[in-house]
Structure formats: structure tokens, C-alpha cells
Amino acid sequence: MDKFLDTVSIILKLNIYSMKKITLILMCLCAIPIATAQDTCAGALQVTAGLHVVSAINGSQVPTPICTPNGPVGTNGAGEWYKYIPSDDFTVTVTTSIPQNGSLPDTRVQIYSGTCSSLVCHGGDDDSGDGYTSVATFNVAANNTYYIAFDNRWSSGGFTWQLIENPIVVPPTPTISFTTQNITTINSAYNLCAVDMNNDKRDDLVGVNGNNIRVHFQNEDGTFTVTDFPTTNAQFLPSWSLAAGDYNKDGYNDLVYGSGNGLTFMRSNSTGTGFTQDTPGQYVFCQRTNFIDLNNDGHLDAFSCHDIAPNVYYLNNGNGTFNYFQSTVTSGAYSLGANGGNYGSIWIDYNNDGHQDLFIAKCGSVPPDELHRNNGNGTFSDISVQMNLFDPGQSWSCAWADFDNDGDMDVMVGASTGTHKLKRNDLDLSNTVEEPFIDITAGSGFDTNLSTNIEHVAYDFDNDGFVDILGGGGKIMFNQGNNTFAPIAYSGLSVGAIGDFNDDGFLDIQNGNSIKINSGNSNNWIKFHLQGVQSNSNGIGARIEIHGPWGIQIRDVRSGEGFKYMSSLNTHFGLGQATQITQAIIKWPSGTVDVIENPDINGALFVLEGSSPLAVNSFTSDKFSLYPNPTNDFINFTFDNSAADIKSASIYDLTGRTILINQQISENQLDVRSLSAGTYIVLLKDADGKSFSQKFIRK
């Protein structure tokens with residue numbers, strides 16, 4: 001024994017040998033056979049949370065049983081074994097999809113419980129990560145033993161892997177439920193759309209066939225009236241997506257169909273009683289379609305992701321016709337992506353500058369996701385890399401919202417395969433630096449959410465004041481208010497068009513020919529109906545803020561999100577148990593800002609652009625006024641700088657209901673004797689197409 005200790009002492013003092021050589025010497029001196037730690041289950045190396053390096057898969061024990069798909073182990077029958085004994089109950093992720101692997105390894109991993117003589121499959125994964133990397137997520141119990149084995153089904157090469165421990169998320173107690181209402185008359189080929197089609201501010205259900213548009217108009221009592229609008233045979237049907245918006249500013253929403261061959265527009269007439277087909281004819285392998293006012297001229301343009309070529313858009317001429325542009329191809333076109341593989345496009349104002357930016361969730365590693373910043377001067381810049389949004393992976397769609405209610409838009413890039421990514425916007429308006437988005441996926445609930453889908457959308461379904469996410473797995477990821485999300489599953493639930501189908505302030509979901517009616521709870525809410533004047537009719541691209549005891553909530557008005565569905569253009573906020581909104585602010589694309597103090601809750605607020613008495617910007621340099629106000633019979637109109645030639649006037653009540661439409665004006669005077677006592681909004685149009693609005697009271 002003395003000889004043994006003397007030998008070890010000499011080795012350590014001289015620092016001649018590595019630890020591996022010391023091990024060999026000890027083996028020789030003690031005559032104890034020691035196997036390489038990872039070669040067998042019995043000799044598995046015990047690990048804790050962190051990074052671990054596999055030099056090569058050359059073990060002597062085959063990992064069996066096989067817990068993941070794609071057949072048996074490799075021809076060499078080799079495995080590398082690790083043992084893990086958690087100190088607490090955790091949700092654990094074992095992953096090779098990490099930056100430490102410079103080139104993505106092709107790995108497969110098996111997770112076992114039990115004993116080495118009787119292994120039981122507990123998890124595993126082959127290709128869920130980026131490229132062909134592995135991401136296995138599973139729950140473990142404290143002090144139990146688990147075995148992690150990498151096999152050489154695809155490669156025997158070395159790599160680094162990571163073990164991540166997260167607290168187990170206990171699903172919250174559901175505060176809402178859904179009841180299924182089957183509607184047999186919803187039988188169109190494409191039932192993708194839930195928007196107001198008759199300008200009564202209630203969400204209707206829109207279905208499309210080749211030669212018909214079927215609308216289920218929502219009635220005041222929550223029932224529906226079915227109306228068919230025959231059309232010419234649509235050249236292209238919405239096999240990939242559909243978007244809605246009033247692009248000819250006649251007060252009724254129009255549609256655009258996105259197919260694998262091109263786009264078809266269905267333009268409503270000025271009475272909302274029929275549609276005219278416009279098919280431009282360009283070949284576009286269309287994915288997501290959106291309506292957005294690209295050049296901010298007050299008229300909606302149409303954008304389409306192109307699957308195999310640069311993205312395209314149709315610029316509105318202001319008379320309901322369009323000019324075609326293709327990014328990086330058409331002379332003078334905006335630069336909105338030079339590559340194909342574009343799936344889910346969404347328009348958001350990520351940096352709060354009042355200009356709509358474009359994010360595209362891609363469908364593969366090349367090219368990765370893209371963020372195009374609207375510079376506000378007719379140009380766009382691809383800033384994906386500097387904003388930490390240049391991610392590869394199979395996504396198809398993303399969910400944008402202010403998930404932490406700090407006044408800027410965050411993003412959850414959903415996975416159709418692989419892993420979801422939740423990224424927080426750290427916008428700081430006190431400087432000119434573009435702060436990158438911060439990856440906060442770990443511990444958020446999306447790192448352990450294995451339900452993938454091509455559709456992900458963001459709405460506050462339980463009205464608690466925090467935006468939730470609906471994706472795959474028949475569940476809603478409910479926002480816990482601390483950048484974590486917890487899943488609750490509902491029978492038969494999937495992503496579809498979102499709207500308030502019984503006008504109770506809680507959002508419902510259309511799934512095929514059924515609608516999932518939200519039961520609601522005791523939380524309060526408010527929703528906004530916008531009507532643009534100088535801006536586009538729907539207020540698409542507007543930013544709505546509400547302020548109260550909680551701080552701030554924000555929404556962007558969007559046409560087209562997720563991948564293929566079109567959801568309500570009404571804008572919805574949950575308030576939780578808050579009983580007051582101190583201020584609502586609408587920032588219109590035109591630059592006009594309407595401010596409403598202490599709006600009523602648990603109802604709908606109609607806002608006509610510029611109608612608020614605290615509006616910051618007037619529409620023109622001519623200041624408009626009316627008198628007398630209040631009035632019994634007539635109102636007269638004057639302008640400070642010149643006498644405008646007023647041609648017509650429309651009157652709305654404060655819910656947005658049209659009371660009088662396009663009334664002829666004589667000598668700048670309007671007869672209002674037919675109105676009941678109350679507060680109204682008058683909208684004037686002059687001979688040059690300019691519009692003016694103001695509130696008045698009929699006594």
C-alpha cells in the first residue's frame with residue numbers, strides 16, 4: 001500500500017500524466033478492470049444539468065428498446081450511456097440543437113427509466129431540432145434514475161449535448177370553456193373567414209366556393225342569417241389563404257383569395273349586395289395574403305408571400321384597381337424579400353414608430369425567418385440578423401403580441417416541426433440603438449410544448465388582460481403574466497377564424513362547420529370598431545393603446561395572421577378584474593391620434609378617425625366646425641381658412657351604426673330633425689374627396 005501511495009504522489013507532483021494515464025496506472029496497480037464510463041448502461045456516466053461532450057459513439061452496448069422512430073440502431077450497434085438522478089421534479093429537455101455544435105449533428109437519443117436489466121422507454125427523439133438534431137422533453141421525478149443513450153443510427157461522430165431542468169408547469173384551473181355549435185349550412189369549400197360583411201360591426205362567417213360567397217350574418221340575438229352571393233367562377237380559390245378589407249373604401253369588406261397559382265380579388269359593390277371578380281393574372285405560388293396600406297395613401301394594398309420566388313404586392317391606385325410589383329424584380333419595388341420559401345407573413349409595428357414592419361416565418365432552414373423594417377421613407381431594410389430573428393427551422397407562422405404588457409410587440413415563432421421560440425422585445429426609445437430580441441423560450445412553457453402546428457395566433461381568450469396563444473394539440477397556451485404560458489386542452493379545438501360570434505365580448509373560434517362558443521367568465525373587456533377616413537377604412541395598421549391601473553395594453557389592427565385564416569377586424573382587449581380604463585389612444589396610419597378619456601367597459605367603442613375631441617391632428621389645414629351644438633333641427637358647417645365644397649354627409653351613432661348615409665348638402669347645412677336625442681358623429685366629404693368629422697348632440 002505504501003508503494004501504491006508513493007507512486008500516485010510522484011505522478012501528481014510531477015504533473016507528467018493526464019488523468020486518463022493516472023486511471024490506467026491505478027488499474028494496473030490495483031488490478032481492477034474498469035470499462036469506459038459511457039459504453040454500457042451499467043457503466044453510465046452520471047450527469048447533471050449543463051453541457052456534455054460526446055467524443056464519439058463507440059460504446060459496446062446497443063441501446064434497446066428503441067424509443068424513437070426510424071428503425072433500429074446503426075450497423076455498428078454502438079451507444080453512449082449517461083445516468084441522470086434529478087434532485088426534484090422537473091420537466092427536462094435533452095437537446096443537441098444548440099449553438100455549441102458548429103455544424104448540426106445527425107443524432108438520435110433514447111430515454112429510459114427502470115434498471116439496466118429491465119429498461120423502460122421514457123422518451124426520446126430523432127429529428128425534432130434544427131437540421132437533424134434531437135430535442136427530447138419529458139417529466140422526471142425526484143431521486144429516480146433515468147438513462148440517456150445516444151446511438152449511431154445515423155452517425156458515430158462526436159457532438160455536444162445539453163440537459164436542461166425546468167420546473168414542472170401545473171396547468172391552471174380553466175376559467176373558460178367552449179361549447180360546440182354545429183351549423184350545417186356552413187358547407188362552403190373554404191370556410192376561412194370571420195369579419196363584418198354588412199357594416200353592422202358584428203363578426204360574420206364567410207365561406208367561399210368557386211362561384212359563390214356564402215355569408216352567415218350575425219344577428220343581434222346570436223343567431224345567423226344565411227345569404228348567398230353568386231359570383232363569376234373564381235379563377236383562383238383560397239387554397240392557401242384568405243384576407244379581407246375594404247380596399248375600395250365603399251364601406252363594405254372585399255376579399256382576396258390566395259392560391260398556388262395566383263390571386264383573385266372579390267370586390268363588394270357599394271351596397272354590399274354583390275361581388276365583382278378581379279384576377280390580375282400573374283403567377284404567384286401564394287402563401288399568406290395580407291391587406292396593408294404599404295405607401296400610406298389611405299388605400300389598402302395587397303401583399304402575398306411567394307413560395308418559390310421574391311414576394312409580391314399589388315399597389316392600390318385609389319380607384320379599386322391595382323399595379324403589380326415583385327420585390328427585387330420590378331423596377332421601383334419595395335425590397336420585401338429576395339427568396340422563396342415564404343410562408344406566414346404578418347405586418348406589425350415592432351419599434352413603435354408608427355410604420356408597419358413585415359415579419360415572415362419561414363418553412364425551412366434556408367432562408368431563415370425575416371424581419372423587414374419599414375424606414376418610413378418608402379424603403380425597407382432586412383434587419384433579421386441584428387434583431388436576433390434570423391432563425392432557421394420549420395415554422396410556417398408566428399404569433400405577435402405584447403405578451404408582457406410593457407408597450408412593445410413580442411413574438412412566438414411557432415414550429416410546424418421542431419421547437420417553438422419565444423422572444424421578448426427589449427425596445428428602448430431613449431436611444432437610437434436597435435435592441436435585439438431576447439430568446440426567453442427556456443422556462444416559458446414553449447420549451448416543453450411538443451404540440452406543433454402550421455397555425456399560431458395570439459388573442460386574449462380568457463379576458464384576463466394577457467394575450468394567449470392558440471396553436472396545435474387542441475389547446476390554448478394561457479399567458480400567466482410573467483412570460484410563462486400554461487396549456488389547457490379542449491376537446492375538438494383547433495385553429496380557425498377568430499371572432500366574437502355572439503357579441504358577448506369573449507372570443508370564439510370557427511372550426512369547419514362548427515363554432516366553438518367561449519363560455520366567458522367574470523373578467524371585464526372592451527372592443528373597438530374603427531373606421532378610417534384619411535386612413536384606410538378598416539384602420540388596418542393602426543395602433544390601439546388602453547391605459548389603466550395595470551399600465552398599458554396595445555394591439556395592432558391586422559388583416560391576415562397565422563397562416564391561412566382571416567379573423568375579426570374588430571380589436572379586442574381583456575381587462576381582468578379592472579373596472580376602469582383611464583384612457584384609450586388610437587394612432588392611425590395617417591398620423592391622426594384620437595384620445596378617449598374613461599371609455600365605458602364591457603361594450604364596443606366605435607371610433608371614427610379624427611372624431612375624438614382630443615384628436616391631435618386634423619385631416620387638412622382647414623379647421624372644420626359646426627353650429628349650433630347642441631342642436632334641435634339643423635347643423636351648419638364652416639371652415640376657418642376657406643369655404644369647402646361639401647357634397648355629402650353621413651351620420652353615425654357612437655356604436656358605429658350608420659344613421660344617415662351620403663346625404664346631399666345644401667348651403668353647408670344638414671337637417672337632423674329625424675334623429676332621436678343623443679350624441680352622433682357627422683362625416684363630411686367635399687368635391688376633392690377630402691373628409692372631415694366631428695361629434696354633435698341632437699337635443
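## Close-up views of a predicted model

**Figure 1. A left-handed bridge between Cys-67 and Cys-121.** The torsion about the S-S bond of Cys-67 and Cys-121 is about -85°, so this disulfide is left-handed. Cys-67 sits in the loop between β2 (50-54) and β3 (79-84), while Cys-121 belongs to strand β6, so the pair ties together parts that are 54 residues apart in sequence. The two sulfur atoms are 2.1 Å apart. Keep in mind, here and in the other views, that this is a predicted model. How exposed are the two partners? Cys-67 counts as partly exposed at 23% relative accessibility, and Cys-121 is also partly exposed, at 37%.

**Figure 2. A second bridge, from Cys-41 to Cys-116.** In case the term is new to you: a disulfide is a covalent bond between the sulfur atoms of two cysteines. Here one joins Cys-41 to Cys-116, with an S to S distance of 2.0 Å. Look for Cys-41 in the loop between α2 (19-30) and β1 (45-47), and for Cys-116 in the loop between β5 (109-115) and β6 (118-125); the pair therefore ties together parts that are 75 residues apart in sequence. With a torsion of about -80° around the S-S bond of Cys-41 and Cys-116, this disulfide is left-handed. Is Cys-41 buried or exposed? Cys-41 is buried, with a relative accessible area of 2%, whereas Cys-116 is partly exposed at 28%. How many disulfides does the structure hold? There are 2, and when the bonded cysteines are numbered in sequence order, the pairing reads 1-3, 2-4.

Figure 3. Cys-305 is in no disulfide: the nearest cysteine sulfur, that of Cys-286, is 7.8 Å away. A disulfide needs sulfur atoms within 2.5 Å. Cys-305 is buried, with a relative accessible area of 0%. Cys-363 is in no disulfide either, and its nearest cysteine sulfur, that of Cys-305, is 10.0 Å away. Cys-363 is buried too, with a relative accessible area of 16%.

**Figure 4. The surroundings of Ile-601.** Find Ile-601 in the loop between β43 (593-597) and β44 (604-608). Which residues does Ile-601 touch, leaving out those up to four places away in sequence? They are Asn-524, Trp-525, Leu-575, Ala-578, Thr-579 and Ile-581. Now compare chain and space: Ile-601 and Ile-526 are 75 residues apart along the chain, and their C-alpha atoms are separated by 5.3 Å. Ile-601 counts as partly exposed, at 23% relative accessibility.

Figure 5. The peptide bond joining Thr-64 and Pro-65 is cis, with omega about 0°. Pro-65 lies in the loop between β2 and β3, and Cys-67 from Figure 1 is in the loop between β2 and β3 as well. Another cis peptide bond runs from Tyr-627 to Pro-628, where omega is near -10°. Pro-628 is found in the loop between β45 (624-627) and β46 (634-639).

Figure 6. Lys-201 is not a glycine, yet its phi is positive, at about 75°. Lys-201 lies in the loop between β11 (190-195) and β12 (204-209) and is buried, with a relative accessible area of 7%. Asn-352, not a glycine either, has a positive phi of about 60°. Where is Asn-352 found? Its place is the loop between β23 (342-348) and β24 (357-362). Asn-352 is partly exposed, with a relative accessible area of 26%.

Terms used:
Residues are numbered from 1 along each chain as its sequence is written. This is a predicted model: local features need pLDDT of at least 70, side-chain atom pairs count only at pLDDT 80 or more; totals for chains, interfaces and linings use all residues. Side-chain values use heavy atoms; hydrogens and water are left out. Helices (H or I, at least four residues) and strands (E, at least two) are DSSP runs, numbered from the N terminus. Buried means under 20% relative accessible area, exposed over 50%, partly exposed in between (1.4 Å probe, protein chains only). Contact means heavy atoms within 4.5 Å.
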